[in-house]
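The following note concerns helix packing and nonpolar cores. Please read it alongside the sequence and the model.

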Amino acid sequence: MSQVRFQQIPPSGLTYPIGTFEINSAGEGQTESRVLIVGHKLAAGTLAANVAQPVADLTSVFDLVGAGSHLYESVRLFRKFAPTVSLSIAHVAEVGTKRTAAFTVPVGVNAGGTAAIMVGGKRVAVQVPPGQTDAVTAAALVAAVNAWYDAPSRAYLAYVAANAAAVVTLTARHSGLAEDHIVRPSPEVGNLLAAVVVTSTAGTGTPDVTALLGGLGDEPYDWILVNNTAVGTVTALQALLSENGGRWSWDRQIYGHAHLCQRNSVANLLTYRTGSLKSEKNVSVLGVNADIEASAFEHMTANFARQATWLTDNESGMAAVNMSDLPLSGEPGYVNVTSAWTYATNNALNNAGISVSGKGSGGIPVTGKLVTLRAERPNGQPDLTFRDVQTIAVVQMGFRLLRSEVSRRTANRAAVDRNPYQIAAQVTEDDVKAAYIAAYEMCVQKGFFENAARFARSLVVQRDAGTPTRFNVGMNEVDVVNPADIFAAMAVIWAQTRR
């Protein structure tokens, strides 16, 4: 018997002298958490439909999706806040009608000055010389919208413009509900367009994501961002990520979580989670305040990206930390900061399974709290174990590490009850138990789980009596690390303390 387990050098049969080394990998590695953004490209883009494409930076997507497209702006925002997180994009065909926003340039603008509008929080302005007709001013605004580009941020507008009889009409680049930016007069003093009324018509149509999701195969994507909450989209994502045949099932172990968004009233958001969604841990929905100037999906992308570097951290414990109040610097905020949701509203929405963003100093948008839709088990019993998105992050990365490390320590062995001669090719219940304890300790070191001693005490490993090739492992106390969200202090105030 041998206590050294060779994988390449024959254990016997060598006669001629040789001094040799067998070089094997210890099997160590890093788990990588990947993000997939689902959206639309322009017609000129070369990206094929329903195919996930890894991308590096914004330059690499220019030809794939086209400047100013839904996916271009999504990548721009994501890379702004998460420059190193592994990212892929996918184009799905758009359907329906495009959103429009129209206004009439008033006759009074010929007095001269500045005519300016805000398109999703981005300012478009033209100088109007005295005596210029409203039709010429309208044409100038159209040209400014269509040529608009911000070099520092590399941002484009999500709309193109046209005019007729001094009526300026902005049309979204894409169909559907995704381009729901707020278009309004710029609030600056002296704006010649201050009194204009913008009439908007929402886009219609929901893209079909089933072909894309079905074609993902076993490619791992821990976080999938999709631009609508249509019933068909949510149902397809639930099937993709299901514990029964989906990515969370025992025989696939790919995992993943979907992030959606919805701009709606507080009342409607509070009642969004119904039916099977009450037990859905694999989907999150960001509620977007009606006064946020950016589109709901742009706001969600920036909000998630700001937290993505931490949510994908597999080394330093940041995946489990509190992630609220991180500034979304440079991104459009509220039309009126007084319309930002209060603590009570954000708390109620979180309790209803809706993720939220927040309002920081000076009214800038900040991250809030991301939660899953989960409130109960499929049998209706209350269950908040998977409420926090951080829990999803540490479970995904933690169990990948557990599987990898246990495999490294136990794979390609023979199962025995006892191993008195310490044969390297054999494992016992105690060996398997030691492998799980060591792997769990690694997860504790990386900030995924805690209480290693308690895990070890409660761990059960049994060689199956009916199937001697199988070990059954009961991990009864996997204790995830939780975000430190709430600090509640009580203070007693005295006019004069007494000893």
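How are H2 and H7 oriented to each other, roughly parallel or roughly antiparallel? They are roughly parallel (angles under 35 degrees; over 145 would be roughly antiparallel).

1. Basis. This is a predicted model, in which local features need pLDDT of at least 70 and side-chain atom pairs pLDDT 80 or more, whereas totals for chains, interfaces and linings use all residues. Residues are numbered from 1 along each chain as its sequence is written, and side-chain values use heavy atoms, without hydrogens and water.

2. H2 with H7. The axes of H2 and helix H7 (residues 296–311) are 8 Å apart, at an angle of about 30°; axes are lines fitted to C-alpha atoms over the stretch in contact, with angles from 0 to 180 degrees between N-to-C directions. Contact (heavy atoms within 4.5 Å) involves residues including Leu-77, Phe-78 and Phe-81 of H2 and Phe-304 and Ala-305 of H7.

3. H1 with H2. Helix H1 (residues 58–65) packs against helix H2 (residues 70–81) at about 170°, with axes 9 Å apart. H1 and H2 are therefore roughly antiparallel to each other. Leu-58, Val-61, Phe-62 and Val-65 of H1 meet Leu-71, Tyr-72, Val-75 and Arg-76 of H2.

4. Core. The largest nonpolar core has 97 residues; such a core joins buried (under 20% relative accessible area, 1.4 Å probe, protein chains only) Ala, Val, Leu, Ile, Met, Phe, Trp, Tyr and Cys residues through side-chain atoms within 4.5 Å. Val-35, Ile-37, Phe-78, Ile-89 and Phe-304 touch the most other members. Among the residues that Val-35 touches are Phe-78 and Phe-304.

How values were computed:
Helix = DSSP H or I, 4+ residues; strand = E, 2+ residues; numbered from the N terminus. Parallel < 35°, antiparallel > 145°, perpendicular 65-115°, else oblique. Buried < 20%, exposed > 50% of the residue type's maximum accessible area, 1.4 Å probe, protein only. Lists of a residue's contacts leave out its neighbours within four places in sequence.
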